Amino acid sequence: MSQATSRRAVVRVPSGPRSIEIVDVPLAEPGPAEIRVKIAAAAINPVDVGVADGVFHRLGLVRQPDHTGLGWDFAGTVDAAGPGVGLPVGTRVAGFIDGFDRDHGSHAEHLVVAAANAAVVPESMDLVEAATVPLNATAAAQLVNLLGEAPSKARRLLVTGAAGAVGAHVAVLAQDRGWQVTGMARAADEPFVRGIGVDFATEPGHGWDAVADAGALQEHALRAVRDDGRFVGVQPASRLPEERGIAVEVLVAHPDGALLAGLLARVATGELPARVHSVAPLDEAADAYEAMTKGSVRGRIVLVP
């Protein structure tokens, strides 16, 4: 009997979207506490474009001898489960895988992941929409955890990149912790930013009690924080030094199935935003990645096998 195979998007010598290949690999079996997901949809994130461009290879974070797998976010159905897993075959799940040095990713037909890193998708939610949520919403929630509760007399928070997927979620979730939020984005994005219930700005200004730098402005955003304020960045490889008494944190997002379950429920009820820009077949991954590199994409491009 021939061995079952599965297709995935990879890069061998990363040099941009045109270096992406679709390859056949043996269909992996889940081990203890793992599930195999038949992928229905997988969003493309900026970090995926960076992997295809070779950014993380050049930083020494990827050392794959053959090929590097692409994709973090996924949504699909459980089609096999290892020992100790309580999720039945056919359960609709979503999640993301982290790390850079791996030969597999979610831009594929199948993916084996730890069951604890996946969350059940609400019945009312489409799997394409669900695929846009895991990395961005989880990262936002973990960023807000780093911010913590707003001090009673120092509650003014600026969120850069507030029209983006991470920033928009931060802007909403930070209000749960008592922050008075202003979202910074381009003028054209003002209706969306105000629509998620926060104030709007096109420039960072100065004197903020805290800045959540989802837009990765780095030093430009840090200068907007008042003395003794708070700053949370999103570039672990470029953590900014503390200055003027500002407490500096940097987000390192990690999968958390229990956290994601609550976030998916809030997306399903409309409390949190989820935007699909377009849908493309897995075979056209190179074209979809190229579209991401051109910018002006609001929402996620989603690959479907």
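Start with the aromatic rings, where the count comes to 3 aromatic pairs, a pair being rings of Phe, Tyr and Trp (its six-membered ring) with centres within 6.5 Å, called stacked if the planes are under 30 degrees apart, edge-to-face if over 60 and tilted for the rest. This is a predicted model, in which local features need pLDDT of at least 70 and side-chain atom pairs count only at pLDDT 80 or more, while totals for chains, interfaces and linings use all residues. Residues are numbered from 1 along each chain as its sequence is written, and side-chain values use heavy atoms, with hydrogens and water left out.

Select Phe-56 and Phe-100 to see a stacked pair, 4.1 Å centre to centre with 20° between the planes. Phe-56 lies in helix 2 and Phe-100 in the loop between strand 6 (92-96) and strand 7 (110-114), so the pair ties together parts that are 44 residues apart in sequence; helices (H or I, at least four residues) and strands (E, at least two) are DSSP runs, numbered from the N terminus. Phe-56 counts as buried at 15% relative accessibility, whereas Phe-100, at 21%, counts as partly exposed, where buried means under 20% relative accessible area, exposed over 50% and partly exposed in between (1.4 Å probe, protein chains only).

Trp-72 sits in the loop between strand 4 (68-69) and strand 5 (73-81), 28 residues apart from Phe-100, and counts as buried at 8% relative accessibility.

Of its 49 residues, Leu-147, Leu-157, Val-159, Val-170, Trp-179, Val-181 and Leu-264 touch the most other members. Among the elements that each supply at least two residues are strand 3 (34-43), helix 4 (134-147) and helix 8 (257-268), and helix 4 gives the most, with 7 residues. A second, separate core of 24 residues includes Val-47, Leu-282, Ala-285 and Ile-301.

Finally, centre on Trp-179 and, leaving aside its neighbours within four places in sequence, show its contacts, which include Leu-147, Pro-151, Leu-157 and Ala-210; contact here means heavy atoms within 4.5 Å.

Terms used
Core = buried A, V, L, I, M, F, W, Y, C linked by side-chain atoms within 4.5 Å.
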